[in-house]
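Please open the model in a viewer and keep the selection panel at hand. The stops below are arranged so that each selection can be made in turn.

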Amino acid sequence: MPMNGSFSIQADLIVANMAATSKKQAFQDIAERTVMMFNGDANALLTALLERERIGSTGIGAGVAIPHVKLAGVTKPYGVLVRLGTAIDYDAIDGAPVDIIFMLLVPAESKTTQHLKVLAQMSRFLKDASICTAIRATTDESVIDTLLKAWARQQGQALAS
């Protein structure tokens with residue numbers, strides 16, 4: 001996942017129908033799936049996600065959450081986009097349950113400004129109601145990947161003009 005000023009955001013892992021009944025269970029599943037990409041420690045990632053949530057909820061409203069953490073031993077950024085089969089209580093800012101999660105994991109020594117740019121881009125992507133409706137309507141990872149890539153292309157074209 002490039003972290004420059006461009007809109008080449010992507011999800012390294014997409015899960016289109018995760019079963020979870022709580023935020024902790026969703027984080028556990030996300031952690032277990034994510035650490036396989038970099039041979040990491042699922043418990044360390046789970047702990048980092050839960051500690052980040054203690055600072056304040058990453059539920060941005062409208063059924064969307066964007067948890068983000070820095071973790072030692074990670075050498076590049078990872079993005080994980082998850083559609084939950086059933087919305088869960090998340091303590092989101094609007095009180096609504098969450099069914100779409102984009103988790104951003106970056107190296108511990110990552111510059112904060114870089115990963116905040118990616119978070120801003122993902123927030124814009126996931127604040128688009130038509131995109132969230134399309135994500136909620138599918139259990140096909142390739143459909144979600146196509147939505148993300150098409151949006152990123154559109155954003156890049158808008159910047160170029």
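Select Ala-62, which counts as exposed because its relative accessibility is 57%; buried means under 20% relative accessible area, exposed over 50% and partly exposed in between, with a 1.4 Å probe and protein chains only. This is a predicted model, in which local features need pLDDT of at least 70 and side-chain atom pairs count only at pLDDT 80 or more, while totals for chains, interfaces and linings use all residues. Residues are numbered from 1 along each chain as its sequence is written, and side-chain values use heavy atoms, with hydrogens and water left out.

Ala-62 sits in the loop between strand S2 (59–61) and strand S3 (64–65); helices (H or I, at least four residues) and strands (E, at least two) are DSSP runs numbered from the N terminus. The phi of Ala-62 is near 55°, a positive value in a residue other than glycine. Most residues other than glycine have a negative phi.

**Second stop: the helix pair**

Now display helix H1 (residues 23–38) and helix H2 (residues 42–55), whose axes come within 8 Å and cross at roughly 140°. Axes are lines fitted to C-alpha atoms, for helices over the stretch in contact, and angles run from 0 to 180 degrees between N-to-C directions. H1 and H2 are therefore oblique to each other; angles under 35 degrees count as roughly parallel, over 145 as roughly antiparallel, 65 to 115 as roughly perpendicular and the rest as oblique.

To show the contact (heavy atoms within 4.5 Å), select Lys-23, Lys-24, Phe-27, Gln-28, Ala-31, Glu-32, Thr-34 and Val-35 of H1 together with Ala-42, Leu-45, Leu-46, Leu-49, Leu-50 and Glu-53 of H2.

Keep Leu-45 selected. Beyond its neighbours within four places in sequence, Leu-45 is in contact with Ala-31, Thr-34, Val-35, Val-69, Leu-71, Met-103 and Leu-105.

Which residues touch the most other members of the largest nonpolar core? They are Leu-45, Val-82, Leu-84, Ile-101 and Leu-105, in a core of 30 residues. A nonpolar core is a set of buried Ala, Val, Leu, Ile, Met, Phe, Trp, Tyr and Cys residues joined through side-chain atoms within 4.5 Å. Two or more residues each come from strand S1 (13–18), H1, H2, strand S4 (68–71), strand S5 (78–88) and strand S6 (98–107). Another core, of 21 residues, lies apart from this one and has Phe-102, Val-118, Cys-132 and Ile-135 among its members.

Select Ala-16 in strand S1, which counts as buried at 0% relative accessibility. Not counting residues up to four places away in sequence, Ala-16 touches Arg-83, Thr-138, Thr-139, Asp-140, Glu-141 and Ile-144.

Continue to Ser-123 in helix H3 (residues 112–126). Ser-123 counts as buried at 17% relative accessibility, and it is in contact with Ile-60 and Ile-66, leaving aside neighbours within four places in sequence.

Finish at Ala-108, in the loop between S6 and H3. Ala-108 is partly exposed, with a relative accessible area of 38%, and touches Lys-70, Leu-71 and Ala-72, not counting residues up to four places away in sequence.
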